[in-house]
Amino acid sequence: MLSIKNLHAGIENKEILRGINLEIKAGEVHAIMGPNGSGKSTLSAVIAGNETYEVTEGEIDFENESILEYAPEERAHKGIFLSFQYPVEIPGVTVTNFIKTAINETRKAKGLADVPAKDLLKLIRDKAELLEIDRKFLSRSLNEGFSGGEKKRNEIFQMAMLEPKLAILDETDSGLDIDALKIVANGVNKLKNENNAVLVITHYQRLLDYIVPDFVHVLHNGKIVKSGGKELALELEEKGYDWLK
Amino acid sequence: MDLKEKLISSFLAFENTSAADAGIHQIRTAAFHDFEQKGFPTRKDEEWKYTSLKEVLNHDYQILTKNNTSDIDLNDVRKYFIHEIDTYKLIFVNGVYNSLLSSATHDGMDICVMSSAISKPKYKMVVDYYFNKIVNKNLHFANLNTSFTKEGAFINIPKNVVVSKPIEIIYFNTGEDAELMLQPRNLVVVGENSHVQIIERHQSVKENSVLTNTLTEIFAHKRAIVDFYKIQNDLDSASLIDNTFVSQQKESIVSINTFSFGGKFTRNNLEFYQEDERITSNLNGFSLIGKDQFVDHHTLVHHKKPNCESHEMYKGMFFENSTGVFNGKIIVDREAQKTNAFQQNNNMLIDDGASINTKPQLEIFADDVKCSHGCTIGQLDEKAIFYLRSRGIPEKEAKALMLYAFGNDVIEKIKIPELKERITRIIAKKLNVDLSLEV
């Protein structure tokens, strides 16, 4: 599904990613772990198409097609979803209206008509229930005044609505207490199937207790320095990152 | 002949034909005398420092419009009405009242025209009492408007009346005369405990140059509530100078909401005078302009008595080489203790060529007051744009959503749902997106 080869990227002449290689197949859950400043968030931003970063070398293929030339919205239309570490607050746009816009713009790009309002409302209700989201929450302004947990849950709600092929969860566990963490992880697990894939980006191991990865990669200084199974995460938890440097 | 000379000769001709309105003859003459002496303001004038009239005045405007009703097809102009709801309507075409398109009333209140108010004896008392009483005589264009007072909306609501439907005042310019100067004059008197909603609009139907110099006086008596909406969304051939003066009595609430999307040149002079205690004045502005457009808001709130409030919120969005001006003056007299005065002016410069000149001006002579003002100039947040795009919303739509969100607290002030929807649609059209933005 996703194939990254020798990816170099940076910002204003400062190289952050220095040759990343990563293969993710449908049905798999991958985790990328690493200390602060290792390039984890840069990697997720570059995959999603953030134009702040410049790709200087290498390739990102999604479903056997290079996506480097695609705009963020085009990548979203192809099925890439990024859950933000710090979701942006947008006063005056309700969660419902936002998701309606996102879904209909995606459909427009595919030459499809808008989803009938009634169907959309039903879908919203179903997904909200799945993620234990209060209905009142949906008529609030997007992320405005949301707690950390609400913001993250809202991200997963959007993911549930957009049904991406590849979901990248960037530090989804940061700022969550254990109950919120469980709800979020539970939501991700319910949405997971053999046709989609998840890339979890995290500093700590604790999220991986709930979203169990098939593969764990350690990112250090812009490179993947070690890959392994889920037991690698436990090892990192125990030993820290220093032994890999 | 330049415009001033032309106005002088037109005024002489005008006064000769307006003998019937003798009641205001002296007021008109005095105002014209004042204009004749001062002429048009220039950029040396502090209040016009950032606003050049050069292009606006450099036209061969026809000053005195013909009296025959110009034809206008309802189907052509229907879209400018809030036609989803029933309203009172005062419709003018090229400065002349159009009774066919209008829906006036004398049933328990007067929603009719200025020409009859200044000529008929039964209105003499009202006109004598209110006409030109709160106009700022230092304003060149206000004096000019007074000189040529002839037609406009006359709204007189007695006490204890909740006007059941909004009043729409629309001035059309059909472009039959090559270039036109229009000077509508409105008088709104709202009695004790009464409540009225008014929508005002100036609209060109064809692209000939038009300069509208409009003046509105609003008197709100005890506990009266007035919601006034100005829709400024004209063609690029149109220039508008709006002079609005509000006088408020005890516990009245007056809100003036100005939505500026163009024409070419727009200058708003909006002045509030609080004459008693526990008054609330609301000034809301939403400006969204683009190529070669200019919008200027000059506001004044004069707090004269204790325990009053004013809330001012102006949001501006400027594309391409457009320019905005905001000048918000607040005066708190020594006597006006316990005043709460809030002013906010937030601006977004979208493109490199856009600019805004913003100036809060607070003159506070009382010591026990709460006054705050804040002004910001910013750009669209790239992070937020990326966030929206990563959800599949294209760049243009993402920016539109962000701007809509930015201006939302002003849009939220609109109390007529159909009008709110209309404004939202104008915004979507201005931003060139097909989004249902309503919340």
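A salt bridge, for this tour, is a side-chain nitrogen of Lys or Arg within 4 Å of a carboxyl oxygen of Asp or Glu. Keep that in mind while you click around, and remember that this is a predicted model.

**Stop 1: a pair inside one helix**

Select A:Lys108 and A:Glu105. Their side chains meet in a salt bridge, with N and O 3.2 Å apart. Now show the cartoon: both residues sit in helix α3 of chain A, three residues apart, or about one turn of the helix. Over all chains, a search of the whole structure turns up 39 salt bridges, so you'll meet a couple of others on the way.

**Stop 2: all of chain A**

Zoom out and select chain A. Along its principal axes, the C-alpha atoms fill a box of roughly 55 × 40 × 35 Å. How does the radius of gyration of chain A sit with that of a compact globule? A compact globule of 245 residues would come out near 18 Å, and chain A has 18 Å, which agrees.

**Stop 3**

The area buried between the chains is about 2,200 Å², and carbon and sulfur atoms give 62% of it.

Next, look for charges. There are three salt bridges across this interface. Select A:Glu155 and B:Arg391 to see a salt bridge between side chains, at 2.5 Å from N to O. The interface of chain A and chain B also has 10 residue pairs in polar contact, both partners at pLDDT 80 or more.

**Stop 4: two domains in chain B**

The domain assignment of chain B gives domain 1 (3-276) and domain 2 (380-439), so give each range its own color. Their C-alpha centres lie 31 Å apart.

Where do they touch? In chain B, 17 residues of domain 1 are in contact with 13 residues of domain 2. Between them the two domains bury about 1,400 Å², 68% of it on carbon and sulfur atoms.

**Stop 5: charges and strands between the domains**

The interface of domain 1 and domain 2 of chain B has three salt bridges. Select B:Arg422 and B:Glu84, which form a salt bridge with their closest N and O atoms 3.2 Å apart. There are six residue pairs in polar contact between the two domains of chain B, both partners at pLDDT 80 or more.

Finish with the strands. On the side of domain 1 that touches domain 2, the elements giving two or more residues are β8 (195-204), β10 (225-233) and β12 (253-262) of chain B. The biggest giver is β10(B), with four residues. By class, that side of domain 1 of chain B has 10 nonpolar, four polar and three charged residues.

Terms used: Residues are numbered from 1 along each chain as its sequence is written. Chains are lettered from A and ligands numbered from 1 in the order in which they are written. This is a predicted model: local features need pLDDT of at least 70, side-chain atom pairs count only at pLDDT 80 or more; totals for chains, interfaces and linings use all residues. Side-chain values use heavy atoms; hydrogens and water are left out. Contact means heavy atoms within 4.5 Å. Buried area is the accessible area (1.4 Å probe) that two parts lose on being put together, summed over both. A polar contact is a pair of N or O atoms within 3.5 Å; within protein, one must be able to donate a hydrogen and the other to accept it, and residues adjacent in sequence count only if both atoms are side-chain atoms. Ala, Val, Leu, Ile, Met, Phe, Trp, Tyr, Cys and Pro count as nonpolar, Asp, Glu, Lys and Arg as charged, and the others, Gly among them, as polar. The radius of gyration is taken over C-alpha atoms; the globule rule is 2.2 Å times the number of residues to the power 0.38.
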